[in-house]
Structures are given as C-alpha cells and as structure tokens.
Amino acid sequence: MKKKVLGVLLAATMAVGMLAGCGGGNATEAPADDAAPAEEAPADEAEAPADDAAGDVISIGFAQVGHESDWRTASTKSCQDVFSAENGYDLSFVDCDNDSAAQLEAVRNFIQQDVDYIIIDPIVSTGWDTVLTECEDAGIPVIVIDRTIDDSDKYAAWVGSNFKTEGLAAGEWLKAYAEKQGISEINALVISGTTGASAQIGRSEGFQEIADREGWNILDEQTGDFTEDGGQAVMESYCKSYAGKFNVVVCQNDNEAFGAMTAMDNAGVTYGLDGDVILISFDACTAGLEKVKARQFSADFECNPLAAPFVEEVIQTLQSGGTPDKEVYMEEHWFALPDAIVDFSIDGAAQTMTEVTDDVIAAQY
Ligand code: AHR
C-alpha cells in the first residue's frame with residue numbers, strides 16, 4: 001500500500017487539524033449512501049498511487065472496546081459489514097474485553113502487522129500519546145471511533161457522539177417532564193458507565209450541569225461498567241441504601257437499565273411512566289426502545305453506533321490524498337412515548353423528540 005505517502009499526508013492532516021463538527025440540534029447529516037464504498041472518482045485520482053488504481057485490498061486493524069452491551073454488538077457489526085472482503089478490505093478485529101492494556105497491545109500488534117489503517121474505540125480517554133506516536137512513526141493513519149482520546153491529537157479523524165450533549169438532553173428532558181408531572185423535588189441515583197470512558201465523562205458532566213443549575217439532589221453515582229450485571233449489582237445496593245429516598249434513576253446505557261429494572265423488580269420498586277421512579281437510559285438500541293414502548297423506560301437518549309460508513313469516508317478521503325474532517329458527529333435522537341414527549345432546549349437550541357412506535361423499533365439496531 002501507499003504507507004509512506006499516507007504518513008506524509010497524515011502529518012499534514014494533523015497539522016491542519018480541521019474541525020468540522022457538523023452537529024446541528026440533535027442530528028447530523030448521514031452520507032448519501034451509508035453502506036456502499038465510495039464509488040465516485042476523486043478529482044485527483046490521477047495522482048493516486050498505481051496500486052490503488054489496481055484495486056488493492058486495504059488492510060485495517062480495529063481495536064474494539066469489548067462486547068459489554070447491545071450498542072457494542074451493533075458497532076462491531078457495522079464495522080464488519082462495511083469493512084468486508086466484498087468491499088475490498090481485510091479487517092483484523094480485536095475484542096479488547098474492556099482491558100486498556102490489551103487495547104494498547106492490540107494497536108502495537110497492528111503496527112507490527114503493518115496494516116494500512118488502525119481504528120481505535122478507546123476504552124478510556126487518556127494514556128494514548130505514546131502509542132499514537134508509534135503509529136505516526138510507522139506511517140499508519142489512525143481513525144478514532146465512538147469515544148474520544150483526550151490527551152493526544154495524533155490521529156487523522158474521530159467519528160462519534162457528543163456525550164455531553166446526551167447528558168444535557170437527559171437533564172433538560174427531566175426538568176421539563178418533572179414540571180409536567182408536578183414533581184418539585186428530584187432525588188436521583190446515577191449508574192454510570194466505565195469510569196474514564198469519554199461516554200461516561202460526557203454523560204455525567206452534562207446531567208450534573210443541569211442538576212447543579214436546578215438544585216437537584218444526586219444521591220449517588222457508581223459505575224455499572226456499561227453492563228447488565230453491573231447495573232443490577234449497583235441498583236441492588238442502591239435499593240438497600242436509599243430505600244424510599246429516590247425518585248429518579250439514570251442509567252448510562254440500556255444494558256445497565258435492564259439490570260436496574262431486575263433489581264427494582266426484586267426490591268418491589270415501581271418505575272417508568274406508571275411507576276414511582278423515573279427511569280432514564282442512554283443508547284436507544286432495539287431492546288431499549290422496546291422498554292420505552294412498554295412504559296418501563298421513561299425516556300431513552302440515543303448514542304448512534306453506526307459510525308463505520310463515516311469511517312469509510314475518512315479512509316477513502318485519505319486514499320485519494322485528501323484531508324478528512326477531523327471530527328464527525330453522529331446523528332442522534334431522543335425517544336419517548338407521547339406521555340413523556342415534552343418541549344426542551346439545549347443551550348437555546350430546541351430539541352425534537354421521537355415517538356417510539358413499532359416501526360421506529362423495527363428500524364433501530
Ligand atoms: O461508548 C459508547 C458506550 O459504550 C455505549 O453507551 C455503551 O452501551 C457502550 O458500552
């Protein structure tokens with residue numbers, strides 16, 4: 001492949017550091033054709049190396065977080081579908097099982113394999129500069145997907161979600177919904193995601209910002225590690241420590257919320273649109289939206305896992321010698337049933353909520 005050429009291009013890309021966050025409201029535009037590889041000839045195709053013109057297979061190493069949630073399964077499938085042999089890719093996939101050391105090792109193995117591109121979904125947001133420097137020295141462009149890297153900018157592009165906006169949305173929705181229900185005092189329990197993951201940091205920060213502004217009481221925040229077992233264990237402990245003292249539970253993903261439901265069922269706590277506790281979730285995968293439809297989740301705030309087509313656009317841009325946008329935000333929606341669809345804004349921008357119907361559930365991942 002054109003490793004040396006790409007190394008020079010990558011350095012130029014990083015130097016330019018182009019910011020192209022295209023998020024408006026709670027949505028960004030999807031590419032015209034999500035799944036298909038770019039077919040249009042780039043303007044400067046004549047300058048592309050001969051091996052590209054010959055249709056060489058592009059090798060990619062993907063260091064995935066793990067398999068902790070429905071969301072993660074959808075993310076993995078999205079990458080495997082897009083970066084398939086049929087589409088001209090050779091994908092080396094490593095499930096890092098939520099182990100940061102294993103993830104660094106996976107990246108270093110990809111460098112040894114001399115892959116053309118490395119995709120990283122960083123388990124935690126720090127500790128990355130050294131290995132990204134090694135990628136840069138090897139001339140291998142890195143694309144960061146989903147979670148962010150906060151202590152290095154040595155990557156070509158990031159494609160993912162604005163997690164703080166998700167947390168702000170949950171907070172602003174709760175304010176409007178509680179007002180509609182005549183609830184004047186909020187006593188919330190938070191089951192957070194993996195500590196140090198940007199998805200956890202952003203959602204916690206966003207929700208806390210609204211809680212501080214509104215004077216809500218956040219009784220506790222403990223990690224459920226984005227898993228159903230973790231959510232259940234934390235909620236079992238909360239049900240004992242805070243029995244009768246809470247009226248809101250915020251789970252930072254659907255799987256944690258499934259576990260929290262089991263714990264609340266066992267403790268005789270009612271939740272959802274007809275219960276005593278407002279149950280908020282993030283991700284809005286198919287199984288999560290089914291809980292919204294069943295009135296068990298009060299609202300679900302989407303984190304869109306289908307980033308791979310956008311990552312492919314980044315790779316195709318690099319292949320043709322272009323400079324990709326440094327940041328690409330995924331389109332996201334906020335879901336509820338009509339009873340819980342309320343008007344709210346984030347930093348002055350009016351938000352649109354999506355009603356959960358059978359068709360909406362069927363179209364979800
Ligand atoms: O980084 C995205 C988060 O990670 C999703 O909310 C969660 O389900 C996943 O494990």
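Helix 5 is followed by G139, whose phi is positive, near 75°. Helices (H or I, at least four residues) and strands (E, at least two) are DSSP runs, numbered from the N terminus. The model is predicted: local features need pLDDT of at least 70, side-chain atom pairs count only at pLDDT 80 or more, and totals for chains, interfaces and linings use all residues. Residues are numbered from 1 along each chain as its sequence is written, and side-chain values use heavy atoms, with hydrogens and water left out.

Helix 5 spans residues 129–138, and V131, L132 and C135 are buried in this helix. Buried means under 20% relative accessible area, exposed over 50%, and partly exposed in between (1.4 Å probe, protein chains only). An α-helix has 3.6 residues a turn, so residues three or four places apart point the same way. The face turned away from the buried side of helix 5 carries the exposed residues T130 and D137. The buried residues of helix 5 pack against helix 4 (100–113), strand 3 (117–120) and strand 4 (142–145). Contact here means heavy atoms within 4.5 Å.

The chain as a whole contains 12 helices and 15 strands. Of its 365 residues, 52% count as buried. Among contacts with a separation of 6 or more, 75% come from residues 24 or more positions apart. The accessible surface of the chain comes to about 14,700 Å². Carbon and sulfur atoms account for 47% of this surface. Accessible areas come from the Shrake-Rupley method with a 1.4 Å probe; for residues, only the protein chains shown count as cover.

The ligand is surrounded by E68, S69, W71, R72, D146, R147, A199, R203, F226, N253 and D283. A residue is counted here if one of its heavy atoms lies within 4 Å of the molecule. A polar side-chain atom of S69 lies 3.0 Å from an oxygen atom of the ligand. For R72, a polar side-chain atom is likewise 3.0 Å from a ligand oxygen atom. An N or O atom in the side chain of R147 is 2.8 Å from an oxygen atom of the ligand. The protein covers 100% of the 280 Å² of accessible area that the ligand has on its own.

Salt bridges were then examined. A salt bridge is a side-chain nitrogen of Lys or Arg within 4 Å of a carboxyl oxygen of Asp or Glu. Side chains of opposite charge can pair when their charged atoms come close. A search of the whole structure finds 17 salt bridges. D146 and R147 form one of them, with N and O 3.8 Å apart. Both D146 and R147 are buried.

E172 pairs with R213, the closest N and O atoms being 2.9 Å apart. E172 is buried, at 11% relative accessible area. R213 is partly exposed, at 47%.

A further salt bridge joins K175 and E179, at 2.7 Å from N to O. Both residues lie in helix 6, 4 residues apart, about one turn of the helix. K175 is partly exposed, with a relative accessible area of 23%. E179 is exposed, with a value of 53%. Elsewhere, salt bridges that share partners join E68, R72, D121, D146 and R147 into one network.

Two loop residues complete the description. N247 lies in the loop between helix 8 (228–241) and strand 8 (248–251). N247 counts as buried, at 17% relative accessibility. Its side chain reaches the backbone oxygen of E185 at 2.7 Å. The side chain of N247 also reaches the backbone nitrogen of N187, at 2.8 Å. A polar contact is a pair of N or O atoms within 3.5 Å; within protein, one must be able to donate a hydrogen and the other to accept it, and residues adjacent in sequence count only if both atoms are side-chain atoms.

H333 is placed in the loop between strand 11 (327–329) and strand 12 (334–336). H333 counts as partly exposed, at 25% relative accessibility. The side chains of H333 and E331 make a polar contact at 3.1 Å.
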